[in-house]
Amino acid sequence: MEHIDHYRAANPNDYDALLKLLPQLADFEIPIRRVAKDLWEGDAALLKEVLEKKSRGTFADVAVDSNDQIQGVILVTMREEILSHEPSAHLEAIVVNPDARGQGLGRRLLKRTEKRVRELGAISLTLHVFSNNFRARSLYRSYGFEEEMLRCIKWLD
């Protein structure tokens with residue numbers, strides 16, 4: 001794997017490469033009754049809107065190596081915090097190329113996310129993560145995220 005050379009805003013030419021990365025969002029033991037595709041198709045649609053400049057308040061940045069190959073992506077929406085209604089941001093998706101895992105890229109992408117959203121006026125950053133996505137939860141905890149809310153579901157069939 002090449003080292004990460006720089007970060008930049010995602011552009012329309014990146015869509016196919018990003019579409020290949022997004023299924024990594026389901027690279028853990030997903031809960032029963034969930035379909036892997038459902039974990040990333042919404043992000044793919046939002047990403048397409050961002051790249052076509054049809055989504056206000058959402059941005060996508062990529063980490064690229066010296067060959068301009070995408071090694072990671074963040075997709076972030078600026079929105080008010082759910083309880084306090086203060087300026088906030090929500091990390092819709094963070095994906096690291098499997099070949100780039102274990103090299104600190106996830107932490108560097110979180111750092112970039114935090115820097116960008118602070119510049120845009122956010123005073124908090126939220127995300128959603130499945131309870132059994134232990135790799136992601138470990139990364140988030142090590143970066144200072146607090147697990148604050150628990151979403152519960154009962155299937156009615």
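## Basis of the description

The model is predicted, and local features need pLDDT of at least 70, side-chain atom pairs count only at pLDDT 80 or more, and totals for chains, interfaces and linings use all residues. Residues are numbered from 1 along each chain as its sequence is written, and side-chain values use heavy atoms, with hydrogens and water left out.

## Salt bridges

A search of the whole structure finds 14 salt bridges, a salt bridge being a side-chain nitrogen of Lys or Arg within 4 Å of a carboxyl oxygen of Asp or Glu. One of them joins the side chains of Arg-8 and Asp-14, at 2.7 Å from N to O, and both of these residues are buried (buried means under 20% relative accessible area, exposed over 50%, and partly exposed in between, with a 1.4 Å probe and protein chains only). Arg-8 and Asp-14 are also linked with Asp-68 in a network of salt bridges.

Glu-119 and Lys-115 form a salt bridge whose closest N and O atoms are 2.7 Å apart; because they lie four residues apart in helix α3 (residues 105-119), about one helical turn separates them (helices are DSSP runs of H or I with at least four residues, strands are runs of E with at least two, and both are numbered from the N terminus). Glu-119 is exposed at 54% relative accessible area, and Lys-115 is exposed at 52%. In the pair of Glu-41 and Lys-37, the closest N and O atoms are 3.5 Å apart; Glu-41 is partly exposed at 36%, as is Lys-37 at 44%.

## Glu-81 and the β3-β4 loop

Glu-81 lies in the loop between β3 (70-80) and β4 (87-96). Glu-81 is buried yet has no salt bridge, and the nearest side chain of opposite charge, that of Arg-79, is 9.1 Å away (Lys and Arg count as positive and Asp and Glu as negative, while His and the chain ends are not counted). The side chain of Glu-81 instead reaches the backbone nitrogen of Leu-83 at 2.9 Å. If residues up to four places away in sequence are not counted, Glu-81 touches Glu-86, Ser-88 and Ser-124, where contact means heavy atoms within 4.5 Å.

## Trp-40 between two helices

Trp-40 lies in the loop between α1 (15-21) and α2 (41-51) and is buried, with a relative accessible area of 14%. Leaving aside neighbours within four places in sequence, Trp-40 is in contact with Leu-19, Leu-22, Pro-23 and Leu-25.

## Positive phi values

Most residues other than glycine have a negative phi. Arg-33, however, has a positive phi near 75 degrees; this residue lies in the loop between α1 and α2 and is partly exposed at 44% relative accessibility. Asp-68 likewise has a positive phi, near 60 degrees, and is found in the loop between β2 (58-65) and β3, where Asp-68 is partly exposed with a relative accessible area of 39%. Asp-68 is also the residue linked with Arg-8 and Asp-14 in the network of salt bridges.

Terms used: Polar contact = N/O pair within 3.5 Å; in protein donor to acceptor, adjacent residues only side chain to side chain.
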